[in-house]
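Biologist: Please take a close look at one part of this model for me. Start with a single side chain, then move on to the helices.

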Amino acid sequence: MLIVFLSATHLLAEEPWTTPVNDPYSRFRTLQMQDGLSANRITDIIQDRYHYIWIASSNGLNVFDGYKIRKFGGNEENPHGLSPGVVSCVKEDKNGHIWAGTEKGLFRFNRALGVFEEVILEYNGNRKLYIRAMLHEGDSLLWIEVQQGALLRYNKNSGIITDVYPHPEIWQHYYMYHALVRDSRGVLWFGGRGTYPMYLNPESKEICTAPVGEKSWQKPRADISGFLEDKSGNFWVTGNDGIFLLDRDSMHFTRKMRVTTFTAMQTRSGELWFGTGSGIFRLDPSKNILTHIVSDINNSHSLPSDHVNCIYEDRSGNLWIGTDEGVAVFRGSNRLIKTLYHIPGNPNTIASDYITALKVHQHKLWAGHRQHGLDIIDLETGLIKHVRQEQKAGMISSDNIRCLYEDSYGDLYIGLWDGVGFARKRRQKDTFENFAKRKNSREIDWYNDFAEDKSGNFYLGFWGGDGLQIFNRETGVFGEILKERLSMPFESRLITRLYTAADGNIWIGTTNAGAHVYNPEEKTSQHFFHLRGTSLANQVINDFFEDTFSRIWIAADSLYCYDPKFETFKVWGKEKGLSSSKVFVIVPDQKGNLWIGTDKGILCFNPLWNFSISFPDLAAFEMSEDVNAGLLLENGELVFGSKQGICIFNPDDLLSGRGLPDIFITAINIKGSPAVSALYDLSGIELEYDENFFGIEFSNSDISATDAYAYRYRLLGFEENWTFPGKGMSTARYTNVPPGDYVLEIELSHDAGNWEFIKSHSMTIKINKPFWRQNWFYLLVAFIIFSLAFVIVREIMHRQFIYRKNAELKELLLRAQINPHFIFNALVAIQGFVYKKENIEAGRYLGEFSKLIRLTLENTRQEYITLSKEIEFLEYYLKLQQLRFNYRFKYAIIVASDIETELLQIPPMLTQPFIENSIEHGLSEKEENGLIEIRISSDNGFISISAEDNGIGRSQSQALRKGMFRHKSYGTEITQERLDFLKKKYNYDASFRIEDLSDNLGRPAGTRVNFKIPVLATHNS
């Protein structure tokens, strides 16, 4: 039996690939249960149209947004419809719906609710079918492979299984691989653990099988894990017996590799990736190079497991690799950037990650390490030779390498950083010569660089010691010391860099003495220290480079450019768009761009447009003053050494593929709780007034390295300044946002120092006002207030109308009270004349009385009369009183010259009651020489009226009247009430004051009434 098996194996048609090249440097990012996955055994991976990565596992389904992993079905409490267990496949249909095939049936994701809902399928009375594989076609068709032994044709629109194609049952269902594809010819191929390669005959609609057996053209075993039709039309079949090419016309198999293989895929770049039980095999068909990638316990960047179940390429060109120990993510840019780094225990990798110097010598890359000697790297084969310090002739005397320099003879000089000198390797030799200025001392022999001028002089750049010195390469003798030819000779001994410009001058960088330019012919130097507009003081000069315009670029705390034509310096630093202000090395590419190594990684600086470009994948290669290196290869590739090892890339490839990913919203939290399930194609949200405490989480479509980019955001309408979240932070948080309409702007850039090239995303956020601040509520309140105001105003107006009418009637009544009082006194006087039979006097009196009555009737109808009418009334009145009292008193009305009696108005008959009292009570008891004097003048905007008599005074008059019946005077009381009403009605602030007069002996000598009346002009004024 053994002989037969070996013979059959030998007869099998095989065209094996060349021996695979081991690739220990492929870098992977790993996602495992500790990162949030529901299980580490991964069965399927896809990316949906909204950029999310869906990861099926042996215990549930996961979705990854670049920052967080959300689980479905990975626990016993299942709010999402998926129960714990195997999810064998996950697919997205043409309409964007996610379908999950599990060991317990078929489920579809409801995006609006954010949950999975079961799709009821039934075959042979079984409603819990084990879904092994799925294939969507068109808008409604879904092909389903089930473990129970059937290919089902399911109509998604009607929810009905329209066709069933039975085949042998998968009895070893714990092997989770299964395949279901349609080739370019329209043939449906499928199979799984322990099955023949099966296909559905398009014409007969019957299941057929490809040959399996012991013949050379047959597949040895009945086992199928995958089918793949590549871009060249080759049809690949994989299983536990290897990787095969199938000629579909002859149905002949050709084995390419004997390795248990679980999956096969082709990238958009044309590479073929095979996931096996022994890692990954990557085939480059154009170069026929086969690379082997395996897990390495000593390498944290390697595959987490050699058991690779599935491989998926997302829209950004990243590969997502499902293994038995989680997901390994291979960045698409990793194919553009080759990395060399140290893997402990692997002698086929570089000696350390700390690269201090790089040089191409005899077609190989030489790399110097800080403490691990030299590596000689064959870039074609990847083979590395390590050179270390040894106590024997022909070896380097220290492992601490500082610089590498190849002179015009092709000899390689190695600067050592140990105080023991430097080494030289002749072009045709493999051994090293060691030179030291002081062999028994380590104080001087510290070397930072070498240089050579046009005359063949060779310069040593010491860090300390004698500074700049000439070395005779032929004799090996240390020659002339040049430090005294430099400014600040003591400080200038700390040389960091030597660079020979095209004009033959040597640029010298120092630690803290700026830069020098040494002219070998004239043996003079120029010092650049304090510059116009800037300074090199206290700066370490790390590198020089001369461009095609003869400008000298200087790497220091910023990027400097010296233009010898104008003898000017320009400075580019962090404030000018660089993501870092520490520049350590400058390397040009073939297009004139400057690639600079910084403490924030490697940047590209365009000197023509004066802006920098950064790359997330190059940001990891950080440098420092003693760990930095870079050079341009003949093929146009750039090589940089850093704290993270060596990177090699073609700058054109990086610049041409430098696109920014899209931003999308991943979660919305309100008051700390998740909200808004349907985030897909979300353009805006509407929140209530008490939901103004919210967070918006976001990510970008480069899911494999979302935190490699820089974000900033702002809420327009609430703030104008940008907020810059830290690395790994992708949430815009806001509290106490007032109601209103806002726009959240999110911008993404390659780094936080350059926002010239960005991707942006915006969404509207509307925060509703509380109901008491809504327009309808305002209208309702306004209507209620208006109604109440209308009622209140109408009531107030009605009351004011009644009050005004009452006031007017009362004022008329008060005026009417004056008239009867005066008339009564006048009639008494007429009666006296009649009794005395003085008819002539009675007639005169009646004539004057009639004129007075006419004036009284006219004046009492008006609230105000002119001052001239008041004076006319008083004259008639006083004349009548003179007649009545037989001229026992005289009167005088004196008006100041500045008083316009025809223009000024006063209330009528204000003074009459008091004048009447003066006559009736003051002068009536006086037999002769009575006098009433009325004076009218102006007083600071008021009219002053005084009425003075020389009667017996109020006190004596009251004494005489005591016990006698006399008419009671109401003049004072009535006048005061009149003035009170006028003040309330018109704010008319008039007043009066009564004074008792006395002579020099203190005896009563009359009464004076003073009125102070506001000036009121007529309308004609």
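Modeller: Gln218 counts as buried, because its relative accessibility is 11% and the cut-off for buried is under 20%. Keep in mind that this is a predicted model. Gln218 sits in a loop. That loop runs between β18 (207-209) and β19 (226-229).

Now the helices. Take α4 (residues 839-860) and α5 (residues 867-884). Their axes come within 10 Å and cross at roughly 155°. Angles over 145 degrees count as roughly antiparallel, so α4 is roughly antiparallel to α5. The crossing of α4 and α5 is left-handed.

Which residues of α4 and α5 make the contact? From α4 come Glu841, Arg844, Tyr845, Glu848, Phe849, Lys851, Leu852, Leu855, Thr856 and Asn859. From α5 come Lys869, Glu872, Phe873, Tyr876, Tyr877, Leu880, Leu883 and Arg884. Sort the residues of this contact by type: nine are nonpolar, two are polar and seven are charged.

Last, helix α6 (residues 912-923). Helix α6 is mostly covered, with 12 of its 12 residues buried. Among them are Phe914, Ile915, Ile919 and Leu923. The buried residues of α6 also include Glu916, Glu920 and His921.

Notes. Residues numbered from 1 in each chain as written. Predicted model: local features only at pLDDT ≥ 70, side-chain atom pairs only at ≥ 80, totals over all residues. Heavy atoms only, no water. Helix = DSSP H or I, 4+ residues; strand = E, 2+ residues; numbered from the N terminus. Buried < 20%, exposed > 50% of the residue type's maximum accessible area, 1.4 Å probe, protein only. Axes fitted to C-alpha atoms, helices over the stretch in contact; angles between N-to-C directions. Parallel < 35°, antiparallel > 145°, perpendicular 65-115°, else oblique. Left-handed = near helix turned anticlockwise from the far one by under 90°. Contact = heavy atoms within 4.5 Å. Nonpolar A, V, L, I, M, F, W, Y, C, P; charged D, E, K, R; others polar.
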